[in-house]
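This report describes selected features of one protein model. The sequence and the structure are shown first, and the description follows.

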Amino acid sequence: MMEEKGKENGIAAMAACYQKFDPAAYLQYNYTPPRADFSRKDSIVPWKLACLHRAFTEGDVSGELLVDIGSGPTLYQVMSGCEVFNKLILTDFLEINRQELRRWLRDEGGCSLDWTPYLEHACKLEGRRPSAWPEKASRMRRVITDILPVDVHCSQPIAAESLPVAGADCLVSCFCLESVSPDLPAFTRALGHIGKLLRPGGHLMLIGALGESYYFGGPGVRIPVVPLNEAQVCDSLKESGYTLIRLEVYTLPQDMQVGVDDVTGVFFAKAKKD
């Protein structure tokens with residue numbers, strides 16, 4: 001009983017940390033140069049986009065529905081997947097992030113970041129002209145059918161009626177689980193919870209931080225993170241009912257360490273639900 005209480009308290013404390021999350025500041029810290037420098041091969045964002053592009057276009061990922069778990073205020077993570085799936089659901093715990101996503105979806109202006117360079121880069125990866133980005137943007141707006149609340153610490157993270165009974169064909173989740181979990185067991189449990197949303201044989205694309213103990217979610221908003229290593233990521237996936245297809249690792253160059261976190265690397269995992 002005490003152990004259950006401890007789990008709940010840890011999760012409640014994490015939720016409290018996020019009440020001051022500032023989407024515009026977070027985007028400024030992580031999604032502008034040097035971390036999003038499309039002229040550099042060793043910049044974080046181009047690396048992530050290349051991993052996602054490859055994972056979605058190898059020919060083994062297919063189906064109707066892609067669900068993004070813990071989208072935050074970002075869209076880059078579905079720019080390749082939107083070409084493969086005809087239905088896409090974005091999710092986040094915070095209403096303020098869901099509002100940011102809705103602003104882009106409705107094309108009503110007032111977005112905290114211009115996603116054009118990202119769309120251009122995703123087009124380039126697909127062998128299209130960067131000037132084809134408006135087609136990709138309209139495709140995304142067409143296939144995004146919903147922006148929903150999610151809580152990865154619940155055994156049913158998304159309202160059951162929002163998904164088909166069989167589950168989603170594919171999940172993508174970037175920098176979510178390790179950033180909302182109080183410890184490694186909670187991270188592993190969350191991986192299991194989101195797995196319930198996925199059909200057997202469906203794919204998971206997971207991107208996360210390595211060796212990170214905190215990040216800033218706004219000015220002075222210090223959010224604790226579970227510091228992960230590669231072995232822990234692999235073990236957690238296995239324990240949660242996934243078979244790892246590929247793990248790729250990016251090590252941060254010195255000039256990418258810009259004082260908004262203590263991350264040392266980023267992992268990309270492509271896995272399949274058993």
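Contact here means that heavy atoms lie within 4.5 Å. The model is predicted.

K270 is found in strand β9, which spans residues 265-273. Residues under 20% relative accessible area are classed as buried, and K270 therefore counts as buried, with a relative accessibility of 0%.

Leaving aside residues up to four places away in sequence, K270 touches A55, E58, D60, V61, H203, L204, M205, T243, L244, I245 and R246. One of these residues, E58, also makes a polar contact with K270, side chain to side chain, at 2.6 Å.

## Helix α5: burial and cover

Helix α5 comprises residues 116-125, and its buried residues are T116, Y118, L119, H121, A122 and C123. The elements covering these buried residues include α3 (44-56) and α6 (133-143). After α5 comes G127, which has a positive phi near 80°.

## Packing of α5 against α6

Two packed helices are described by the angle between their axes and the distance between the axes. For α5 and α6, the angle is about 100° and the axes are 8 Å apart. Angles of 65 to 115 degrees count as roughly perpendicular, so α5 and α6 are roughly perpendicular to each other.

On the α5 side, the contact is formed by T116, L119, E120, A122 and C123, which meet W133, K136, A137 and M140 in α6. Classified by residue type, this contact has six nonpolar, one polar and two charged residues.

Technical notes. Residues numbered from 1 in each chain as written. Predicted model: local features only at pLDDT ≥ 70, side-chain atom pairs only at ≥ 80, totals over all residues. Heavy atoms only, no water. Buried < 20%, exposed > 50% of the residue type's maximum accessible area, 1.4 Å probe, protein only. Helix = DSSP H or I, 4+ residues; strand = E, 2+ residues; numbered from the N terminus. Polar contact = N/O pair within 3.5 Å; in protein donor to acceptor, adjacent residues only side chain to side chain. Axes fitted to C-alpha atoms, helices over the stretch in contact; angles between N-to-C directions. Parallel < 35°, antiparallel > 145°, perpendicular 65-115°, else oblique. Nonpolar A, V, L, I, M, F, W, Y, C, P; charged D, E, K, R; others polar.
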